[in-house]
Amino acid sequence: MAAPGENLKINGARLWDSLMEMAKIGPGVAGGNNRQTLTDADAEGRALFRKWCEDAGCTMGVDTMGNMFARREGTDPDALPVYMGSHLDTQPTGGKYDGVLGVLGGLEAIRSLNDLGIKTKHPIVLTNWTNEEGTRFAPAMLASGVFAGVHTQDWAYGREDAEGKTFGDELARIGWVGDEEVGARKMHAMFELHIEQGPILEAEGKDIGVVTHGQGLWWLEVTLTGKDAHTGSTPMDMRVNAGLGMARITELVHSIAMDNQPDAVGAIGQANVYPNSRNVIPGKAVFTIDFRTPDQGKLDAMKARLEAEAPKIAAELGLGITIEPTGHFDPVTFDPGCVAAVRNAAERLGYSHMNIISGAGHDACWINKVAPTAMIMCPCVDGLSHNEAEEITPEWAAAGTDVLFHAVLETAEIVE
């Protein structure tokens, strides 16, 4: 297939304008965004995205999980489409670029194809995946997971937020239940552009991360049960302190991750003690452990060691313990052909690049189960993400979108 010429570039200024316009919807309190999934702000962002896609000549399809698919026709009606996209939903205190760059970068690629009068053999489809963040309805990457057959739609519809509202009811409330069967679409390939959400590319001075693998993950929720007691009048040797157990298991999690270096991480990110009073020894602690690594053997071993050693810590302190998995996916190896298309695009355009492993989960990790998939990453300042201070430069955004543009064009096959 013919490779696009290195002079083909997207309109970086128009891309940046689109990012800033979308950021006006669901503004945060500190310069970022709070456009959580299935909120009124999400509905408003979706409507703007649909308008932009239709203005660019695309037809919009929506499935019963609310996933949006904007299609630009190809010259061969029988050719499977090349997909690109990410997500428009944000964290409660999210940035303006996490997910959004991948969606609006794809839109800019379509607009640039129109400007340049380029036709492709394969149709091109731009996707906004519903509830990638998982912050309101756990788990993350929910709708792409249903698409890939990882979850059932009934299970997804029943997921509840902190107020007891269900995913299915809220999707209907905002008016974005489509009529397409989830997962019925077939893909030739899919590409997802995303900010790195880590510090490596900026530290290495690279324009582009060629994502070869995605980390596997285990989320384990631990509940320790002890006895509430007065902090001032209970002797030290008579305490059944759930907070102490959590502290010792926190040290264990750190040791497990350190003993599996390189390329393994672990931490406790969410923790609650009860009754959470300044003069009461905690009688209960509930906390979530996050283990990640791209190595399947390490991932399995980290979980097994935690499950073997944490109960011993609990027993030494007289605590009851339960350990419940609340999230999991295996490490991902992205499609070599799609990865090569990304690397070829970066080289053709003269952008500095390096191979990188995605530290976070993304919709592409699930779609990789059903279609050839790859990811493109651009740097973000100080590696900061899931934070309103998240920042990228217009140049980084344009470079990442140029690479997306070229990788998709090469895969969709330019018609001369």
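**Strand pairing, helix packing and loop residues**

Glu-221 has Glu-324 in strand 12 as its bridge partner. The model is predicted, so to be counted local features need pLDDT of at least 70 and side-chain atom pairs pLDDT 80 or more, while totals for chains, interfaces and linings use all residues. Residues are numbered from 1 along each chain as its sequence is written, and side-chain values use heavy atoms, with hydrogens and water left out. Helices (H or I, at least four residues) and strands (E, at least two) are DSSP runs, numbered from the N terminus.

An open sheet is formed by four strands in the order 9-11-7-12, with antiparallel pairing. Strand 9 (265–274) and strand 12 (320–329) are its edge strands, each pairing on one side only. On average, neighbouring strands of the sheet are turned by 15° against each other, direction ignored. Two strands are taken to pair if DSSP finds at least two bridges between them. Strand 7 (residues 216–225) is joined to strand 12 by nine bridges, and the two run antiparallel. Within strand 12, Thr-322 is the bridge partner of Thr-223. Helix 9 (residues 296–316) packs on the sheet and touches strand 7, strand 9, strand 11 (284–293) and strand 12. The direction of helix 9 makes about 165° with that of strand 12.

Strand 7 also pairs with strand 11, over 10 bridges and in the antiparallel sense. In this pairing, Trp-219 stands opposite Asp-290 of strand 11. Seven of the 10 residues of strand 7 are buried, and the strand is mostly covered. Buried means under 20% relative accessible area, exposed over 50%, and partly exposed in between (1.4 Å probe, protein chains only).

Helix packing was examined for helix 1 and helix 12. Helix 1 (residues 12–22) and helix 12 (residues 394–412) pack with their axes 9 Å apart and at an angle of about 110°. The two helices are therefore roughly perpendicular to each other. Angles of 65 to 115 degrees count as roughly perpendicular, those under 35 as roughly parallel, those over 145 as roughly antiparallel and the rest as oblique. Axes are lines fitted to C-alpha atoms, for helices over the stretch in contact, and angles run from 0 to 180 degrees between N-to-C directions. From helix 1, Gly-12, Leu-15 and Trp-16 meet Pro-394, Ala-397, Ala-398 and Thr-401 of helix 12 (contact: heavy atoms within 4.5 Å). By class, this contact of helix 1 with helix 12 has five nonpolar residues, two polar residues and no charged residues. Ala, Val, Leu, Ile, Met, Phe, Trp, Tyr, Cys and Pro count as nonpolar, Asp, Glu, Lys and Arg as charged, and the others, Gly among them, as polar.

The loop between helix 5 (153–157) and helix 6 (167–173) contains Glu-163, and Thr-166 is placed in the loop between helix 5 and helix 6 as well. Glu-163 has 62% relative accessibility and therefore counts as exposed, whereas Thr-166, at 17%, counts as buried. The side chain of Glu-163 makes a polar contact with the side chain of Lys-165, at 3.3 Å. A polar contact is a pair of N or O atoms within 3.5 Å; within protein, one must be able to donate a hydrogen and the other to accept it, and residues adjacent in sequence count only if both atoms are side-chain atoms. From C-alpha to C-alpha, Glu-163 lies 25 Å from Asp-98, and the two are 65 residues apart in sequence. Leaving out residues up to four places away in sequence, Thr-166 touches Phe-137, Tyr-157, Gly-158, Arg-159 and Glu-160.

Most residues other than glycine have a negative phi, and most peptide bonds are trans. The bond joining Ala-138 and Pro-139 is cis, with omega about 5°, and Pro-139 is placed in the loop between strand 4 (124–128) and helix 4 (142–147). A cis peptide bond also runs from Gln-261 to Pro-262, with omega near 0°; Pro-262 lies in the loop between helix 8 (242–259) and strand 9. In the loop between strand 15 (373–378) and helix 12, Asp-382 has a positive phi near 60°. His-386, found in the loop between strand 15 and helix 12, has a positive phi of about 50° although it is not a glycine. Asp-382 counts as exposed because its relative accessibility is 63%, and His-386, at 40%, counts as partly exposed.
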